[in-house]
Amino acid sequence: MKITNAVKDAAASGQRIRGIHLTFAAPAVIEVLAAVDLHFVYIDGEHGCFDWRDVETACLAAERHQLTPIARIPDTSQATITKFLDRGVRGIVAPHIESLDAARRVISGTYFAPMGQRSYGAGRPEYGQRLDSKLAYMQACNAAISLCLMIESGAGLAIAGELAAVPGVDYLSFGMMDLAQSLGHPGNPEHAEVKAAVADASQRIRAAGKRVREDFMNYVWINDVLLAGARKLLGTP
């Protein structure tokens with residue numbers, strides 16, 4: 001069974017990919033924007049408005065157009081990770097990682113053995129059917145799941161290189177607003193101290209052999225797409 005993941009491949013190769021960041025359920029938007037040659041769909045399960053059916057429908061729409069569905073999850077419990085993966089998500093973005101133990105717990109919930117202890121529940125799109133070998137399927141899933149750890153605090157910054165070195169982590173990203181707040185500059189992610197801290201952490205991540213999101217990923221927030229399109233087409237300021 002061949003399962004693909006454009007995000008995982010790009011995190012490894014450095015090839016640039018494009019995607020859309022969704023904060024609300026809109027499968028039709030995925031279908032329309034697939035025409036501009038996207039590679040992935042980012043489902044914001046932490047700050048967006050999605051129920052489980054919405055997540056599944058978004059994955060269905062993405063798969064129909066050969067897009068990789070990834071999701072920022074609202075918490076890093078194994079139960080939450082399992083639900084997102086069983087609905088069809090191919091990439092986990094884990095927020096607020098501040099320790100190696102937290103990273104290892106996410107890895108355990110994301111991957112089947114021997115990398116982790118993901119629960120097997122015959123999720124979609126396979127539903128346990130048409131599988132000649134469950135072991136081969138589990139191995140294929142492991143090979144095609146991407147995992148991003150988000151650094152959003154000073155504690156995460158301090159161990160950025162160590163987090164990047166953990167097996168199973170594909171890339172890292174920064175939650176800039178929360179990070180700025182943690183560093184004493186609420187609402188100001190452009191502050192020199194914040195930018196310097198991110199640059200230093202990024203260097204340590206790359207030294208560990210991993211990439212940060214900006215190294216290979218171009219993505220845009222759906223709200224910005226709607227506003228930019230409306231202003232251009234309607235001639236409004």
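Start by selecting helix H9, residues 176-182, which gives the most to the lining of the second largest pocket, with three residues. Helices here are DSSP runs of H or I with at least four residues, strands are E runs of at least two, and both are numbered from the N terminus. You are looking at a predicted model, in which local features need pLDDT of at least 70, side-chain atom pairs count only at pLDDT 80 or more, and totals for chains, interfaces and linings use all residues. Residues are numbered from 1 along each chain as its sequence is written, and side-chain values use heavy atoms, with hydrogens and water left out.

Stay with the pocket for a moment. About 240 Å³ of space lies in this second largest pocket. Now select Arg72, Phe174, Gly175, Met176 and Met177, the closest to its centre of the 13 residues that line it. A pocket is an open set of points on a 1 Å grid over the protein atoms alone, where a 1.4 Å probe fits, with protein on both sides within 12 Å along at least five of seven lines; lining residues have an atom within 4 Å of a point. The lining divides into six nonpolar, three polar and four charged residues.

Next, go to the loop between helix H3 (52-64) and strand E3 (68-72), and pick Gln66 there. Gln66 has a positive phi of about 60°, although it is not a glycine. Is Gln66 buried or exposed? Its relative accessibility is 67%, so Gln66 counts as exposed (over 50% is exposed, under 20% buried and in between partly exposed, with a 1.4 Å probe and protein chains only).

His96 is another stop, in the loop between strand E4 (91-94) and H5. The phi of His96 is also positive, near 55°, and at 38% relative accessibility His96 counts as partly exposed.

Move on to Pro114, in the loop between helix H5 (100-110) and helix H6 (134-144). The peptide bond leading from Ala113 to Pro114 is cis, with omega near 10°.

Now show the cysteines. A disulfide is a pair of cysteine sulfur atoms within 2.5 Å, and the count comes to zero. The sulfur of Cys49 is 16 Å from the closest cysteine sulfur, in Cys59, so the two are too far apart for a bond. For Cys148, the closest cysteine sulfur is again in Cys59, at 17 Å, too far for a bond. Cys49 is exposed at 60% relative accessibility, whereas Cys148 is buried at 1%.

Finish at Gly235, which follows H11 and has a positive phi near 70°.

Technical notes: Points joined across faces, edges and corners; volume = space filled by probe spheres on them. Nonpolar A, V, L, I, M, F, W, Y, C, P; charged D, E, K, R; others polar.
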